[in-house]
Amino acid sequence: MTGGEVVRRNNVHESGQRHGQPIVFAHGYGCDQEMWRHVTPTFESDYRVIVFDHVGFGGSDLGAWDAERYATLQAYAADVVQLVHEMDLVDVVFVGHSVASMIGVLASLTEPDRFANLVLVGPSPRYIDDPRTDYTGGFSAEDIDGLLETLENNQLGWAAAMAPAIMGNADRPELADELQNSFCRTDPRVANTFARATFLSDNRADLARVTTPSLILQCAEDAIAPEAVGRYTHEHLRGSQLVYLKATGHCPNLSAPAEVASAIRSYLGRT
Amino acid sequence: MSDRAPWDDPSCGGPTQSSDWRRSWESAPCGLVDADLDGLIVAVNGRACELSGFTVPELVGRKNWLDLLSVGNRMFYDTQLAPVLLLEGSISEIMVDVVTRGGDRLPALLTVDLLRDETGATRGTRVALMPARDRRQFEISLRNARDAAERADRARATALRRLELQADATEALASSTDLDTAVDRLAQVLVARLAGWCVIFTVDPSDPSAPMRWTAAHADPDRQVAVERVAELWSRDRPASNLFLGGPTGRPTTLMTGISEHLIDDATADVELRALYQAVGVGSAVVAPSYARGERVAVTIVVRGNGQPAFVEEDRADMAEVAGRTGIFVDSARRFAREHANSMTLQQSLLTAPPSIPALEIAVRYIPAQDGAQVGGDWYDAFVQPDGATVVAIGDVMGHDIAAAAAMGQIRGIIRTIGHTIAGQPSDTLTRADLAARGLQTAVIASAILARVEDPVPRGEPGHDGVTLRWSNAGHPPPLLVTTTGEATVLARPTDVLLGVDPHRPRHDHEVRLTAGDTVVLYTDGLIERPHQDIDEGLRRLADALAGKHAVTLGSLCDSVLDRLGSGSRDDIAMLALRVR
């Protein structure tokens, strides 16, 4: 059941009840499964808890990363579907943070029968404003360029990894272990590609097709997914519940893990 | 917050715990900013005010510290830095832009620590900002070095691809002397390496009324039929009305990009052609004419659809080079074909049908070299001498061109003339012919067998007992005998020197008695020579092919042997078989 290809590729870790309902936690842009470490323990008493890294991040198989394939969110969603198949999961609660919430939306559209609930933490179906449809995502295209530039400007730690490229061989060998292991350290190229996939995405049309019941957790003062965006998502996602958290910022799973866990628990009806 | 921490003092001085503390806070070599849990600034030092351009009242209690950063920085912080800060307690040396009060961007290094109270609970953050123009420069250099390395890599790959195109094109053109075959292969190379589809026209300037020949290829086999139809319509139309072929002769290789439907509609009246353009895809093209001696001999059109990257100047340059090679090839292939046709005509005209002789049945065959590339100097002959003896000959002049064919005509004529005039022994006839050729300054080196069939007692008269075959061999492969039992034997006898080497060296005659039904086969070396195979092996195979052929007609005997051994010969083959009636 486990130990398969996807399990290795996505660095899948399991805890909790072997025969419990599966609850899959997906990290968002910028980090890895460690983001859930203060949230998951709450669920281990009665759920089969599954965490993983998207390809290119954390302990995933970096050799499986491919700039072309992972240029769209659909590829990450396909990986989730593969994971669900390989581990033979049914009745899945999918908890996605940030962009992973849209990855969950796309995965549930591919395999609606496998997913029981979606929990979307700080979701945004589109980050860039769209004046044509009067949509406010919170960002302009120039802002996204600014993010990409900031990524470009912060690759000092990657000098060693880039040395082969500078020496004239752009096909870089496998990244050094210490870099793979450093927490939240992502290859600038992977970060750049995922940033584009994330912030240039537009999943508004997908929302209306979702049939899986969902919970939206909206933080206060979340610059990445502002309140208006959370409301938009709620209005366009049939059967969704919108819950406002006291937590501020974009990472309540780290800054307010207890609040996040209890919101999810009360939504799922097991407090 | 009920228990106001020291840093909550809203003065520029920040913590007021002690004057020492206050001094170090102010004199720290970097901008310091303290913020509460929501990011609201609660204290700044003078350096922070200095580098941001804001005053204390503008910052403290009013601004979120993240507002000091650009939006891009802020997104980076929210997605990548905040998780690390929350999990690890600090982040350090992050390259950011501080957006100053005047709107300028100041490169700075950002370090953030979580501030905790006595119980360990998080109270807020302390932010340090260090101006870092040099560090920015370093990052830029690093990035430039990487970009340059990647550009160099791409340039290398491109250069390699371009060389491979030229190599493949040259190989295709050199693969055959046949014009159509080679141009077909060139078209395949062009769609494999460069184009979505291509059409190559060849034009014969010496025959302007001849239809243009074309070959067409599409990278997608499903669209091959469509592209062939395009080429056919173009060739019918003649160049003038054509989108790509118009324009005066003499124009250079041309790059056409951004070919819009509009342009196509303007240039193309033909509805079918317009639909075909849709099917095969027309977005950009290179039209490359090939010239030889100032005349246009070919036009190569490579096209990419709108879905493919448009051709660029480098592609134009590459196609100009391919077209140059194509011109040289087409010209030489045409000249070769003409010369070859001339040689063939000459040779065929020199080889005459054998005479009909009551006592003997004679069959002759001549087949040109299999790849059509070579014209041989092989010949056969049969005539009757003044004394009534029949003479048969086979020979092979060295060389494989029109000169060899002409030389063959001369030596054959000399032997025939002497043989017809003087009824000598074969060795004698060959010596006289060799001397005559020397005297007439015919510089020919040839191998030959001259054989005389002597019939001392005419057929039907008492005492008739078959015939004598007497022959002399000037360096030629030996004759074979097939007896009436079907047994095939090589008539191996010592051979004399080649004709044209030394006319004074002695020549010898050999003889064999033949009875009715016996068959003798003369041939040239194309029948027995194969690469990497010795002559004895070739002779053995010929004997095998002839064995048992005593009962078939002489014509069938020749054909079956040529079928079995002659196919694929790189040389031409002459063959003469005689059978005693």
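1. Beyond its neighbours within four places in sequence, A:I216 is in contact with A:L120, A:P123, A:G230, A:T233, A:H234, A:S240, A:Q241, A:L242 and A:V243. The model is a predicted one.

2. A:I216 belongs to strand β6 of chain A, which covers residues 214–220. Is A:I216 buried or exposed? A:I216 counts as buried because 24 C-beta neighbours lie inside 10 Å, and the cut-off for burial is 20 or more.

3. A:V121 stands 95 residues from A:I216 in sequence, yet their C-alpha atoms are 6.0 Å apart in space.

4. In chain B, 14 helices and 20 strands are assigned. Of the 581 residues in chain B, 38% are buried. Where contacts in chain B link residues at least 6 apart in sequence, 63% of them join residues at least 24 apart.

5. Strand β1 of chain B (residues 31–36) has five of its six residues buried, and it is therefore largely enclosed by the rest of the structure.

6. Which strands pair with β1(B)? Strand β5 of chain B (residues 122–131) runs antiparallel to β1(B) and is joined to it by six bridges. Strand β2 of chain B (residues 41–44) also pairs with β1(B) in the antiparallel sense, over three bridges.

7. B:V33 takes part in both pairings: it stands opposite B:V127 in β5(B) and opposite B:V44 in β2(B).

Technical notes. Residues numbered from 1 in each chain as written. Chains lettered and ligands numbered in written order. Predicted model: local features only at pLDDT ≥ 70, side-chain atom pairs only at ≥ 80, totals over all residues. Helix = DSSP H or I, 4+ residues; strand = E, 2+ residues; numbered from the N terminus. Buried ≥ 20, exposed ≤ 12 C-beta atoms within 10 Å, placed from the backbone. Contact = placed C-beta atoms within 7 Å. Pairing = 2+ DSSP bridges.
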